[in-house]
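Try each task before you read its solution.

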Amino acid sequence: MTPTATPRTPALASQALSYEWIKFRSVRSTVWTTAATAALPVLGAVFVAATGSLQPDDTVLGGSLTLSVVAQMLAAVVGALVVTGEYSSGTIRTTFAAVPRRGTVLAAKATLVAAVMYVLALLSCSAAYVVGSAMLPDGRYAQGDPLPALFGIAASFAVAAVLGLAVGTLVRHSAGAVTTVIGVLLLPSLFGPLFGDAERWIAGLSPTAALEKLTQTSDATADTVGSLGPWPSLLLVAACTTALALAALLLLRRRDA
């Protein structure tokens, strides 16, 4: 049995990923939410530059990506909808019938949302920075360091999407999953200062905290996003998201569809 099963595994994974891509681009809610995720950073850059609503100590990169936090929340919502939409419609049973290995299904969903959000965020946030640089007055604000920060920013979107997928797998209800994942994104920064010396870890547990540090915005203070550096914060968030995704996988295998 082993010699015949092993070669089928890559083919099954490829098939599952193909199925997920078809479903992803066929559902209006995910398509429109993804489009909004891509559009918000650029729109935010135009608005901030046109109104000059930057703090004196802000950077062009941070000001241009003012709405990237909201866009990241939408990325997490997309991740949640990818799985909760199937539970709501009942098509999750069809998915598991076509691909019986539930771990393969979840891995395909995670790969898809992470890849889509990474590419879209990298393009959108890079475009937002270019727009902000072109529209803002030269020399009034520090530029910030866009590289390699933009790659980390895109990675934070991918992590947020996988986080949303994990929460959606655990909750299985669209409204509940969306509410929960937004709470997960916001609560660490809100409650971090209450934990004393552990604040630097608690406040930095959210993809939003890592994002704000990477954008080099003046709002990214230690009291709100923790005192870890941007890259350690991103690694910490990725590790916590991986742990949550593994917990979602265990539960997915044990309970009925």
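**Exercise 1.** At 8% relative accessibility, does Phe24 count as buried or exposed?

**Solution.** First, some ground rules. This is a predicted model: local features need pLDDT of at least 70, side-chain atom pairs count only at pLDDT 80 or more, and totals for chains, interfaces and linings use all residues. Residues are numbered from 1 along each chain as its sequence is written, and side-chain values use heavy atoms, without hydrogens and water.

Next, take the cut-offs: buried means under 20% relative accessible area, exposed over 50%, partly exposed in between (1.4 Å probe, protein chains only). Phe24 has 8%, so Phe24 is buried.

**Exercise 2.** Classify the ring pair of Trp21 and Phe24.

**Solution.** Rings of Phe, Tyr and Trp (its six-membered ring) pair if their centres lie within 6.5 Å. Planes under 30 degrees apart are stacked, over 60 edge-to-face, the rest tilted. This rule gives one aromatic pair. The centres of Trp21 and Phe24 are 6.1 Å apart and the planes are at 15 degrees, so the pair is stacked. Now check Trp21: with 39% relative accessibility, Trp21 is partly exposed.

**Exercise 3.** Which residues does Thr208 contact, leaving aside its neighbours within four places in sequence?

**Solution.** Contact means heavy atoms within 4.5 Å. With those neighbours left aside, Thr208 touches Val69, Gln72 and Leu185. Thr208 has a relative accessible area of 4%, so Thr208 is buried.

**Exercise 4.** Is Leu194 buried or exposed?

**Solution.** The relative accessible area of Leu194 is 66%, so Leu194 is exposed.
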